[in-house]
Structures are given as C-alpha cells and as structure tokens.
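Q: Could you walk me through reading a fold, starting with the whole chain and ending with single residues?

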Amino acid sequence: MKGRNVSGGLTLDSETDGDGSASCNSVSGSITVHINDATNAHVSAEARSGCIRNELDGTAVKRNRYGPGRYLDIVNGTGERSYRLVLQSGRITVRRSRNE
C-alpha cells in the first residue's frame, strides 16, 4: 500500500490494512500508524522538519547526525511487514492498535 499526502493526515492500521508493506509520504500533515502485538512489523520513520512520537515501545527517536531531521527504527516481532514513513513537516505517531 502507498499513501501520499500534501496537507492533512494519513492513518494506517495493521489490523485492517492487509498483509503487505506500506509506504507513506506527507509534505505537511500527520502520519499515524497503529500496530498490534501480533503484527510482525518493521517501522522506519523519518521527519525532516517535524516530530516523531513513539507510543509503541521504548525505542528512542534519534536526531540525524548531519543536517536537520529525526528518525525512528522499530522492529515488532519478526519484522516481516515493512512500514516506511517519510514526512517533511508535521508529526509521525507510532502507537499500539486501538483494539488493544
């Protein structure tokens, strides 16, 4: 699944968005990903000028060594399903599924 957005919000839910991988890009807005405990997911998030919130586990959001931006890399379970999230400005939030 691919999602692109210029302004506004994108939301992915690991329970309802199929078995495959997902890639989301947003210029200005928000990207929210809901991951349940049973989902084997690798989440890679990058915000060039914005913030990343990790509400899934204790993995820290890191700053890029050179230049602006932040990134987050999380593996839940075996990491079979890949979520690639790229944001220019706004917020990326990774959290537990709403049904847990």
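**From chain to residue**

Q: What does the secondary structure of the chain come to?
A: Keep in mind that this is a predicted model. The chain has zero helices and six strands. Along the sequence the pattern reads β-β-β-β-β-β.

Q: Why is the chain as compact as a globular protein of that length?
A: Compare the radius of gyration with the globule rule. The C-alpha trace spans about 35 × 25 × 20 Å along its principal axes.

Q: What share of the contacts joins residues 24 or more positions apart?
A: Take the contacts with a separation of 6 or more; 63% of them link residues 24 or more positions apart. Buried residues make up 39% of the 100 in the chain.

Q: Is Leu-72 buried or exposed?
A: Buried means under 20% relative accessible area. Leu-72 has 2%, so Leu-72 is buried. Leu-72 lies in strand β5, residues 70–76. Beyond four places in sequence, Leu-72 touches residues including Val-43, Ile-52, Val-61 and Val-94.

Q: Why does Glu-46 count as buried?
A: Apply the cut-off of under 20% again. Glu-46 has 19% relative accessibility, so Glu-46 counts as buried. Glu-46 is in strand β3, residues 41–55.

Q: Which side chain makes a polar contact with the side chain of Glu-46?
A: That of Arg-84, at 3.3 Å. Arg-84 is also among the contacts of Glu-46 beyond four places in sequence, together with others including Arg-70, Tyr-71 and Ile-92.

Note on methods. Residues are numbered from 1 along each chain as its sequence is written. This is a predicted model: local features need pLDDT of at least 70, side-chain atom pairs count only at pLDDT 80 or more; totals for chains, interfaces and linings use all residues. Side-chain values use heavy atoms; hydrogens and water are left out. Helices (H or I, at least four residues) and strands (E, at least two) are DSSP runs, numbered from the N terminus. Buried means under 20% relative accessible area, exposed over 50%, partly exposed in between (1.4 Å probe, protein chains only). A polar contact is a pair of N or O atoms within 3.5 Å; within protein, one must be able to donate a hydrogen and the other to accept it, and residues adjacent in sequence count only if both atoms are side-chain atoms. Contact means heavy atoms within 4.5 Å. The radius of gyration is taken over C-alpha atoms; the globule rule is 2.2 Å times the number of residues to the power 0.38.
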